[in-house]
Every structure is written in structure tokens, then in C-alpha cells.
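Hello,

Here is the structure I promised to pass on. My notes follow below it.

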Amino acid sequence: MSQGPRSGLAAVSAALLAMSRHLEVRDVLKTIVASARELLDAQYAALGVPDDHGGFAQFVVDGVSDAQWKAIGPLPRRHGILAAMLDEARPQRLADVRKDARFEGWPSAHPDLVDFLGLPIRDGDEVIGALFLANKLRPVGQHPPHPPCPKPEGSCGFTEDDEELLSILAQHAAIALTNARLYERSRELTIAEERSRLAHELHDAVSQKLFSLRLTAQAAAALVDRDPARAKGELHQVAALAAEATEELRAAVVELRPAALDEDGLIATLRTQTQVLDRAHTARVTFSTTGFRALPAAQEEALLRVAQEALHNALRHAGADQVHVSVDRRGGGAVLRVTDDGGGFEPKTVRRAGRHLGLVSMRDRASGVGGRLTVESAPGKGTTIEMEVPGG
């Protein structure tokens, strides 16, 4: 295989490690495309995941600016060379894609593509994507990169070695993409389980409050004529129970509402949630952050879910008056802390308390993104939950 400046075993290994580092499908696609373009010295690279309606569910490009991509317009349809890669399931290496009989043109803002190397991404017999490169930037071994170089008439800048290397990338891309899809499906099941748990807790907590509310209201009605003073006391209790039920409902709504991570990021999402919980509960809930830098989507979601679980414990079970959430930079990653001044517990009993307090799921979330979770607590001394994740 050719030994260019970004080819060879070390470069291939770096590309494959980059693919396996991400769990989100979109992150995996972007990494595959960027690695392929850099490794094979192409001006452009793209990867399309087909849908069931003649188009693409996802289409990721590298080498095209955001402004250019916006000007190009809607996602491409499955036709021409793209359809051939998906339907015929074999590599396509062309000297000039514009002269191929299957070429059907492109939007006016689309960059000009000449030499072309594309092949399907397969998971067993199923074609799950199409990966292609365009415009070879330089012959192997030439420094530095420059616009597409002259080549003999009718020949393709991409070589058989390039095709072999891209085939290796495509095989590993299939594994990475399949793993990412499985992860997302697993996460969807986890979210469904969490919603079921919250619904069960909501039913139990609010049902108890409403039952007490009804009995107290009935007692007040029975006392209003013969003992107005006691009736007044019962009505005060009605008001207190109603306030507690409202607090339970508000807290449940916060936990059920989808986090706006994609739009707002981790810090803004956590700040908003702590502000809402501070208003909904009698405990003081505060938030702080220093030096945080954006992390991969999977890590940010794990940090958010652990923060939510720890807040749930502090506000529902610990009887805390003060709860503080912080997210700070640590090396290339971040550390989350949720500290409360509640009742705490004996760390030696953490195995028995773990499932009740959600510690098992929190540890699973931390380890799932390469992080670690630590718990510090003592009876009457409060609890600190800390989760550290590495950089992306």
C-alpha cells in the first residue's frame, strides 16, 4: 500500500481509533468522512446513509464550508453515481465523474468534482451507506497539498492503493456505524425506562398527596359548622398538601422534559434546570461552572443524566436544605459535582442503597463514556456525587 505522508499503518490506526471513540451516529459519520479525506488526500469527501424513500436520512460532507453547504440546498436524492454505489454495491473509480453516462448534474452552488472514488459501506449483505471522495489533491509523497494536480488524460487521480485503503476504512466504518446505532437504540430504551420510572414515582407521590388532600378537605367540611377553629386548621393543611403536590408535579415535569442539549449545550441546560428546581423546591439549588469546554454529545448527555439523578436524590430523599451543582474543566475533560447538606448515608451500605439511589445507573453512565463516578457521604454529613469524563 502506498506510503504517503498520511497513509501507512500509523495513519490508518489513528483514523480507526478516531472512529471508535464516538458513540453518536452523527459524530461517527463526521469522523469517518474527515479521516477518509485526510488519509487519501482528497479535496472533498461525503458519506450518505440512505432512507426508505429514495433519499438520504443523513448526508455528511467534509471540505465544504457551512455557507457552501447551505447554498447547495436540499440533501441529494439517490440517483446517478450515488444510486449505483448503493444498488450495485461495488466500488466506483472514475477519471471524471462529469463524463460518466450516469452523471445527472448538480446544483449551481455545488463544487466542481472531477476524479471520483466511491464505495458502499456494508453490514453483512445490507448496504448501510455510501462513502466517496473527489478531486485527488496530490500524487503520493508530494508536499505540500495543493489544488488537484495534472494527470494523464483519461486517468483517475485515485489509485488502486487508494481504493484498497478506502475499502479498509469502509469495513471499519460499518462496524463503528453499527455500534453507534446500537448505542442510540439502547439509549432510547434507557430513556423509555427512565420515563416509566418517573411515571411510577409521580403516580405514587402525587396519588398519596391527593388522597391526603381529599381526606383533609372532607374533615374540614365536617367541622366547619360545629368547630370552625379546627376546620380552619384543616384548611391550612389542605393548602400545604396542595403546595406539596404542585411541587411534585413541577419536579416531574422538569425531569420528563427533553433536555435541550443540541440547541443550548450542557451548561445552559443545567443552569436552566437548576433554576427551575430552585423555584419548585423549598431547598436552595445553585449552579456554577469554570473553564468548561464543549464535549462529545454522548459525554454531555451522560453528565446531564447523572446530574439529574443526583439532584433527584438530594431533593426527594436526602432532605437537603442546600444543593449545589458545579461543572468544571479538568485537563481536556470535565468534572461534575452535585453536593447536598442532607441526611447522607453510610458508604459501607452503598451496595444495598445503590439501586434505590440510582447509583448503579449513574456508574453505568459514567463508565459508558470512559468516565468514573465517586460518592462521598456520611450520616448527617450530606453527600457529594462526582463524575469525571476525559476529553473527546
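Across which strands does helix 2 lie? Helix 2 (residues 25-39) lies across strand 1, strand 2 and strand 5 (126-136), and runs at about 40° to strand 2. Helices (H or I, at least four residues) and strands (E, at least two) are DSSP runs numbered from the N terminus, and angles run from 0 to 180 degrees between N-to-C directions of axes fitted to C-alpha atoms, for helices over the stretch in contact (heavy atoms within 4.5 Å).

Before you read on: this is a predicted model, where local features need pLDDT of at least 70 and side-chain atom pairs pLDDT 80 or more, while totals for chains, interfaces and linings use all residues. Residues are numbered from 1 along each chain as its sequence is written, and side-chain values use heavy atoms, without hydrogens and water.

The open sheet has 5 strands in the order 2-1-5-4-3, with antiparallel pairing (at least two DSSP bridges between two strands). Its edge strands are strand 2 (56-62) and strand 3 (92-94). Strand 1 (residues 42-50) pairs with strand 2 over 6 bridges, and Val49 stands opposite Gln58 there.

Now the cores, meaning sets of buried (under 20% relative accessible area, 1.4 Å probe, protein chains only) Ala, Val, Leu, Ile, Met, Phe, Trp, Tyr and Cys residues joined through side-chain atoms within 4.5 Å. The largest has 35 residues, of which Val323, Val327, Leu336 and Met387 touch the most other members. Helix 8 (297-316) gives the most to this core, with 10 residues. A second, separate core of 30 residues includes Val49 and Ala45.

Best wishes

Definitions and conventions: Buried means under 20% relative accessible area, exposed over 50%, partly exposed in between (1.4 Å probe, protein chains only).
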